[in-house]
Amino acid sequence: MKILHIDSSPFVETYVTRELSAWIVAELLKINPDAAVRYRDVGTTPPPHLSAAAMTIFHDAKETAITPELQQEIDGIYQSIEEVMASDVIVIGAPMYNHSISSNLKAWIDQISQKGITFTYTHGGVKGLVTDKKVFIASSRGGIYSSEAGRLHDFQEPYLVSILALMGMNDVSVITAEGVSMSAIGRETALERARQSLREAISGE
């Protein structure tokens with residue numbers, strides 16, 4: 001088994017999604033001790049936002065002058081895609097920022113979401129080309145967004161599930177620690193609830 005572990009928080013120490021994503025990987029390694037883990041930290045080393053030149057090459061298939069900077073960007077895109085394609089399990093640490101995901105994680109998603117490579121258009125609609133992957137999303141929120149009122153402002157977890165499905169990754173377990181900034185719940189209680197959610201997700205497979 002090959003595990004791709006992605007962290008996206010710019011905060012390194014004592015941050016919830018980093019702790020939770022690491023715990024998910026550790027639990028997976030207990031079950032699959034011979035698994036290989038590839039780690040990418042887009043929180044501290046974010047990929048570049050897609051340039052107009054790169055988008056032209058990938059989306060419009062137009063000829064564009066390849067500068068050294070553009071070649072480096074293209075190479076980075078293909079490397080990100082290859083890491084996803086080569087993995088069996090993907091673990092994504094994804095904190096909620098302003099009702100959505102961090103721009104660092106969005107930049108990585110924009111890299112791997114490429115027409116003709118990770119998805120394609122057919123007469124029947126969009127078809128994902130990244131199949132046979134299990135994805136765990138380690139999600140954190142300061143407040144409560146699983147309530148009826150909260151879901152109206154949640155553009156984090158629904159977006160991640162949607163964009164992963166676009167690429168063919170439909171087997172997604174969202175492990176959520178929410179209310180981490182609320183005195184009534186707090187970090188440790190939120191994390192323990194998330195850990196229990198993971199135990200149930202793993203035991204149910």
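Modeller: One cut-off comes first: angles under 35 degrees count as roughly parallel, over 145 as roughly antiparallel, 65 to 115 as roughly perpendicular, and the rest as oblique. Note that this is a predicted model. Helix H2 (residues 52-60) packs against helix H3 (residues 68-86) at an angle of about 55 degrees. Their axes lie 10 Å apart. H2 and H3 are therefore oblique to each other. The crossing of H2 past H3 is right-handed. On the H2 side, the contact is made by Ala53, Ala54, Ile57 and Phe58. H3 contributes Leu70, Glu73, Ile74, Ile77 and Tyr78. By class, the residues of this contact are eight nonpolar, no polar and one charged.

Now the strand. Eight of the eight residues of E6 (residues 134-141) are buried, so E6 is largely enclosed by the rest of the structure. In a regular strand, side chains alternate between the two faces of the sheet. Both faces of E6 are covered. Lys134, Phe136, Ala138 and Ser140 are buried on one side. Val135, Ile137, Ser139 and Arg141 are buried on the other.

E6 has pairing partners to describe. Strand E3 (residues 89-95) runs parallel to E6, joined by seven bridges. There, isoleucine 90 stands opposite valine 135 of E6. Strand E7 (residues 171-178) also pairs with E6 in the parallel sense, over eight bridges. In that pairing, phenylalanine 136 stands opposite serine 173 of E7.

Notes:
Residues numbered from 1 in each chain as written. Predicted model: local features only at pLDDT ≥ 70, side-chain atom pairs only at ≥ 80, totals over all residues. Heavy atoms only, no water. Axes fitted to C-alpha atoms, helices over the stretch in contact; angles between N-to-C directions. Helix = DSSP H or I, 4+ residues; strand = E, 2+ residues; numbered from the N terminus. Left-handed = near helix turned anticlockwise from the far one by under 90°. Contact = heavy atoms within 4.5 Å. Nonpolar A, V, L, I, M, F, W, Y, C, P; charged D, E, K, R; others polar. Buried < 20%, exposed > 50% of the residue type's maximum accessible area, 1.4 Å probe, protein only. Pairing = 2+ DSSP bridges.
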